[in-house]
Amino acid sequence: MKCACRRGRPRIAPAYAAGRSALPVRFDEFRTGAVHHTADPEVIVAEYEMTGTVTTTGRSATAAFVLVLRVRDGQVVHWREYQDMAAIAQAFVDER
């Protein structure tokens, strides 16, 4: 299966925009934790947190993320992101 992430900015941007607009989430805060340089000069690892509110439940959550990014000739050529899915899923639970 081919990933849209291998097709360039003109195809990636609309796909991500559609995905974000479909999420019932308002992103409230973004905090950078750390940026780690690696032995490979093209690769960095970043830690960050995002806080958001699920508009359908009114619940807020903060989730940790780790991003592995490869940049070559000024272009992002690889992006891999790891998320705290349990924290995100909990905010979608309506406990009313």
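# Hairpins, core and surface

Visitor: How many bridges pair E2 with strand E3, and in which sense?

Guide: E2 and strand E3, the latter spanning residues 60-72, pair in the antiparallel sense over eleven bridges. Pairing here requires that DSSP finds at least two bridges between two strands, while strands (E, at least two residues) and helices (H or I, at least four residues) are DSSP runs numbered from the N terminus. This is a predicted model, in which local features need pLDDT of at least 70 and side-chain atom pairs count only at pLDDT 80 or more, whereas totals for chains, interfaces and linings use all residues. Residues are numbered from 1 along each chain as its sequence is written, and side-chain values use heavy atoms, with hydrogens and water left out.

Visitor: Which residue in E3 stands opposite Val45?

Guide: That residue is Val68. The two strands also form a hairpin with five residues between them, and Gly58, in the turn, has a positive phi of about 75°.

Visitor: And what does E1 do with E2?

Guide: E1 (residues 25-37) pairs with E2 (residues 43-54) in the antiparallel sense, again over eleven bridges. E1 and E2 likewise form a hairpin with five residues between them, and the bridge partner of His37 in E2 is Ile44.

Visitor: Stepping back, in what order do the elements of the protein chain run?

Guide: From the N terminus on, the order is α-β-β-β-β-α, which comprises two helices and four strands.

Visitor: OK, the inside now. Which residues make up the largest nonpolar core?

Guide: Seven residues do: Ala46, Tyr48, Ala63, Phe65, Leu67, Leu69 and Ala87. A nonpolar core is a set of buried Ala, Val, Leu, Ile, Met, Phe, Trp, Tyr and Cys residues joined through side-chain atoms within 4.5 Å, where buried means under 20% relative accessible area, exposed means over 50%, and partly exposed lies in between (1.4 Å probe, protein chains only). E2 and E3 each supply at least two residues of this core, and the largest share, four residues, comes from E3.

Visitor: What does Phe65 touch?

Guide: Leaving out residues up to four places away in sequence, Phe65 touches Ala46, Glu47, Tyr48, Met50, Glu81, Tyr82, Gln83 and Ile88; contact means heavy atoms within 4.5 Å.

Visitor: How much of the protein chain is buried?

Guide: Buried residues make up 16% of the 96 residues. The accessible surface comes to about 7,200 Å², of which 57% belongs to carbon and sulfur atoms; such areas come from the Shrake-Rupley method with a 1.4 Å probe, and for residues only the protein chains shown count as cover.

Visitor: What about Thr51, buried or exposed?

Guide: Thr51 counts as buried because its relative accessible area is 14%. This residue lies in strand E2, and its contacts beyond four places in sequence are Arg26, Phe27, Asp28, Glu29, Arg31, Ala61 and Thr62.

Visitor: One last thing, what is phi of Asp73?

Guide: Phi of Asp73 is near 55°, a positive value in a residue other than glycine. Most residues other than glycine have a negative phi. Asp73 sits in the loop between E3 and strand E4 (75-83), and Asp73 counts as exposed because its relative accessible area is 76%.
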